[in-house]
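Colleague: Please take me through this structure step by step. I am new to reading models.

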Amino acid sequence: VADELDRWIAAARPHTDADDGWAASTAGAQALAAIQAGGRSRHTTSRRRRAWSAAGVGLATAACAIVALAAVGPPSLHVPPAARPPAGHTTRVPLQMALAGYNTCPAALAALRAHTAASTTLVPSYQMYAYDAQLGGAARSAVVPDAVAAQGQPDHSSTNVQEAGVDEPDIVKTDGTRIVTVVNGVLRVVDAKTRKLTGTLRLTKQPQYQPANLLLFGDRALVVLQPQGVYGMAQGSAPTGAGPAYTLVDLSGLPTVIGTFTPNGNYVDARMIGSTVRLVVSSAPNIKYPTANWNQPEAKRLAAAKSAVLAAPLRAWQPTYQVTQDGVTANRVVPCDQIQHPAQYTGQTMLTVYTIDLTKGLGALSPISLAADGDTVYATASSLYIASNPAWFGCCLRYDVIVGGARPRPSLPQRTQIHRFDITSSGAPRYLGSGSVPGRLLSSYSLSDYDGHLRVVATAVTSKGVSTTSVYVLDADTLKVTGSAGGLGRGQQVYAVRFAGPVAYVVTFRMLDPLYVLDLHDPADPREVGQLELTGYSSYLYPLPNGQLIGVGQDGNSKGLVTGLQVSLFDVSDPAAPTRLAHVVGRDLRGEGQLDPHAFLYWPAKGLIVVPIDTWKESETGKALVLHVSGSQLTRLGTITHPRHTGPPDYVPGIQRSMVVDGSLWTMSSAGLKVSDLSTLADQGWIPFS
Amino acid sequence: VDDVDRRAVLDEWFRTYADRLLAYLLHRTDRETAQDVLQELFMTAYRKAPDVPEPPVGWLFATARRLLANKRRGLRRHDDLLARLADDVAATNDEPVAELKQAFAQTLAALSPGDREVLTLSGWYGLTPAEAAQALDCSPNAYNVRLHRARRRLSEHLTSAGYEAGTPAGQLAEALRG
């Protein structure tokens with residue numbers, strides 16, 4: 001029994017640098033030489049003797065209840081060899097999935113403290129700015145949601161979402177009879193038939209630009225107002241309190257606020273299935289770190305920071321939120337029995353999923369928290385996935401413990417963690433487990449749950465600094481990789497990923513645009529089956545049901561220079577031989593940046609494609625390009641322009657979204673909504689927002 | 001005993017025990033302090049060689065503990081062992097092992113520093129009960145009582161933290177009860 005026990009305890013022993021024959025190594029020999037040199041100095045030893053002999057007794061008393069003089073063991077006792085790292089033990093430990101919950105609140109606290117302390121690092125102040133910028137970038141890319149238009153909605157288009165039936169927040173929504181928009185903090189309702197503004201609701205105190213999105217179900221809209229300013233990093237690591245605000249609005253009459261929900265933390269994303277919205281918020285533990293004493297050595301500062309973590313109350317990690325409804329404001333805390341964790345985590349970020357049924361209000365938000373990082377949200381009708389891109393350097397940076405040498409943690413591999421939740425019930429999601437793949441994701445479009453498998457496209461950087469992209473197939477139940485295919489676009493950046501059933505399309509680019517076709521029928525053996533090299537690239541791919549693929553991106557020349565907006569029509573019916581059927585290039589329409597998938601409209605009934613044009617060219621910017629696709633032809637129908645805003649300031653408002661409502665083409669800019677004829681693009685109406 | 005003999009003895013002790021002693025120190029303090037303490041320890045051993053019992057491992061651990069306690073008193077109050085364990089949990093890739101380590105770390109955190117010493121001395125550094133008793137400056141009997149109690153407390157904490165049979169940590173709790 002004692003041996004068994006010691007074996008378990010030995011398995012929990014942290015490996016140290018002294019474990020691999022240190023005494024016999026050069027370092028050990030040097031230490032011994034130093035001891036021998038010092039040992040000859042009578043002065044040093046006598047001083048040191050005084051130093052410890054007085055202090056030793058007290059400790060011995062503390063360690064052993066019964067103080068006795070040293071008893072010498074029997075001389076025949078065998079001295080076992082030095083304890084070795086538990087390498088041999090690891091395989092003997094029976095495999096068992098880690099517990100997801102903490103079982104008790106004290107256990108939650110102990111584990112959160114330990115994990116957070118372990119991941120706390122010092123960061124030099126000059127890197128903070130870089131980190132902020134990157135964090136903002138990551139958050140932005142995560143918020144770029146995207147979509148495949150829900151098919152079978154005959155009379156109006158809907159937000160171009162990634163998964164049919166899983167709605168994503170956007171700046172405009174329509175149910176076919178009305179158009180609801182949120183621009184500059186104002187919600188507006190426009191009647192589709194009369195083309196009149198029927199309702200206005202100001203959601204911010206002052207008219208100001210504020211990122212906002214909304215979801216619409218029946219007569220209810222949920223508006224997400226994101227706070228302005230620096231993303232993510234709250235001063236002193238504490239949550240700012242200026243988190244996103246979710247306002248539930250009743251649209252049955254004039255728009256009125258039903259209630260507001262304000263979680264502490266950062267908006268990550270949201271998805272709606274039916275009337276049920278899952279809101280993902282991330283928050284940092286609110287730990288009071290000591291003010292950095294710059295005269296202290298790094299080890300001491302780090303120790304002080306870790307001590308602060310080890311002394312923090314559970315409340316520091318528990319996410320908090322505020323609900324205002326019927327004139328009553330309540331501050332609430334996610335209960336500790338609703339906090340779970342993956343097998344490995346840093347404790348530096350908590351992800352919380354809140355559930356709101358738009359038909360029911362803000363009563364029960366059923367939050368559950370996972371001690372994990374996350375910035376990318378992907379959902380199907382039954383599963384919610386939250387993925388965290390690997391930290392850029394070190395995971396966990398804190399303003400006030402900063403300073404000293406850079407401490408990137410090379411031990412942190414560049415892996416993307418993926419957490420899966422069951423959302424089949426309308427209540428709180430159920431955490432199912434986590435997995436990981438090497439590298440980073442482009443966006444939620446890099447994830448796809450299909451036929452019991454989660455497919456992931458990730459780009460990793462090799463030790464030589466060369467990026468390479470792979471597709472991984474994971475068993476959705478265990479989140480273990482069943483197969484992978486790598487080596488796509490060596491040294492290139494991923495510009496677009498699109499899954500279409502058992503096939504994946506990946507676009508990488510540096511000078512040329514290889515469009516890769518991947519066959520994922522066999523989860524154990526995904527493989528690249530086709531490739532098409534073109535100049536320029538596509539940053540958005542939209543699969544058509546007939547084996548064709550639309551690509552929207554930038555045209556380029558053979559030197560890799562981008563020359564202008566391009567829309568391509570590919571034939572991918574033979575996965576081994578993808579071809580480009582047609583191609584519209586606007587040399588005068590030089591686009592900028594990635595296309596937001598929500599800005600893409602495909603209206604199958606008329607074979608219409610609408611994409612916004614964003615360019616520095618004053619005469620062309622802000623327009624929407626309308627194309628027609630038919631058979632293997634892709635033709636340019638024309639452009640739509642919104643009325644010039646006659647100053648000050650004097651500008652052309654950029655078209656951000658397009659939709660088909662009540663038989664007309666509607667386009668939206670920050671200035672208003674324009675109605676155009678679906679065939680001729682002739683003006684039918686203008687509804688200004690001011 | 002002349003200096004030549006002492007040096008030979010010191011070399012022998014260093015080669016045989018320095019690994020385990022340094023590991024003990026590295027589990028409990030930063031690298032710099034660990035190396036300082038190790039150096040002081042062997043310098044003390046060199047000086048007191050005629051009085052050191054044979055085998056010296058219990059005495060060496062007892063002295064290392066005293067020297068470290070003395071250093072720690074001047075540097076910081078908190079126990080680095082828990083932070084080491086936490087670091088180790090985070091760096092462990094094998095999930096069941098990570099869970100076991102986490103369970104051990106979180107329950108150890110709830111125990112007294114004395115209990116932590118008792119539990120790790122034999123399991124981590126290969127000390128026999130007699131040597132461990134010597135390292136803790138107590139009789140083998142007292143050590144056995146102490147070990148028994150510490151194991152019971154560890155087991156209770158594992159159970160109350162909800163680690164049940166079927167998980168590695170639960171099996172640890174089982175073994176502790178057994």
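Modeller: Let us start with chain B. Of its contacts (heavy atoms within 4.5 Å) with a separation of 6 or more, 67% are accounted for by residues 24 or more positions apart. This is a predicted model, in which local features need pLDDT of at least 70 and side-chain atom pairs count only at pLDDT 80 or more, while totals for chains, interfaces and linings use all residues. Residues are numbered from 1 along each chain as its sequence is written, chains are lettered from A and ligands numbered from 1 in the order in which they are written, and side-chain values use heavy atoms, with hydrogens and water left out.

Colleague: How many helices and strands are there in chain B?

Modeller: Chain B has nine helices and zero strands. Helices (H or I, at least four residues) and strands (E, at least two) are DSSP runs, numbered from the N terminus. Along the sequence the pattern is α-α-α-α-α-α-α-α-α. Chain B has 178 residues, and 66% of them count as buried. Buried means under 20% relative accessible area, exposed over 50%, and partly exposed in between (1.4 Å probe, protein chains only).

Colleague: And how many helices and strands does chain A come to?

Modeller: Chain A comes to seven helices and 39 strands. It has 690 residues, of which 55% count as buried. Among its contacts between residues at least 6 apart in sequence, 55% join residues at least 24 apart.

Colleague: Let us look at α5 of chain A. Why does its length agree with what a helix should span?

Modeller: The 15 residues of α5(A), 105-119, should span 21 Å at 1.5 Å a residue, and the end C-alpha atoms are 21 Å apart, so the two agree. The expected span is 1.5 Å times one less than the number of residues.

Colleague: How many of its residues are buried?

Modeller: Twelve of the 15 residues of α5(A) are buried, among them A:L109, A:L112 and A:H115. The cover includes α7 (298-311) and β14 (350-357) of chain A, together with α4 (80-91) and α5 (95-108) of chain B.

Colleague: At what angle do α5(A) and α7(A) cross?

Modeller: Their axes come within 8 Å and cross at roughly 165 degrees. The two helices are therefore roughly antiparallel. Axes are lines fitted to C-alpha atoms, for helices over the stretch in contact, and angles run from 0 to 180 degrees between N-to-C directions. Angles under 35 degrees count as roughly parallel, over 145 as roughly antiparallel, 65 to 115 as roughly perpendicular and the rest as oblique.

Colleague: Which residues make that contact?

Modeller: A:R113, A:A114, A:T116, A:A117 and A:A118 of α5(A) meet A:K306, A:V309, A:L310 and A:A311 of α7(A). By class, the residues of this contact are six nonpolar, one polar and two charged. Here Ala, Val, Leu, Ile, Met, Phe, Trp, Tyr, Cys and Pro count as nonpolar, Asp, Glu, Lys and Arg as charged, and the others, Gly among them, as polar.

Colleague: On the chain B side, which residues does B:Q102 touch?

Modeller: B:Q102 is in helix α5 of chain B. Leaving out residues up to four places away in sequence, it touches A:A111, A:H115, A:H341, A:A343, A:Y345, B:V89 and B:Y163. B:Q102 is buried, with a relative accessible area of 5%.

Colleague: Moving on, at what angle do α6(B) and α8(B) cross?

Modeller: The axes of α6(B), residues 113-125, and α8(B) come within 9 Å and cross at roughly 105 degrees. The two are therefore roughly perpendicular to each other. Their contact has six nonpolar, two polar and four charged residues.

Colleague: Now the backbone. Which peptide bond is cis?

Modeller: The bond from B:E54 to B:P55 is cis, with omega near -5 degrees. B:P55 lies in the loop between α2 (31-48) and α3 (57-75) of chain B. Most residues other than glycine have a negative phi, and most peptide bonds are trans.

Colleague: What is the phi of B:D137?

Modeller: B:D137 is not a glycine, yet its phi is positive, about 60 degrees. B:D137 sits in the loop between α7 (129-135) and α8 of chain B, and counts as buried at 10% relative accessibility. In chain A, A:R195 also has a positive phi, near 55 degrees, and lies in the loop between β3 (186-191) and β4 (197-202).
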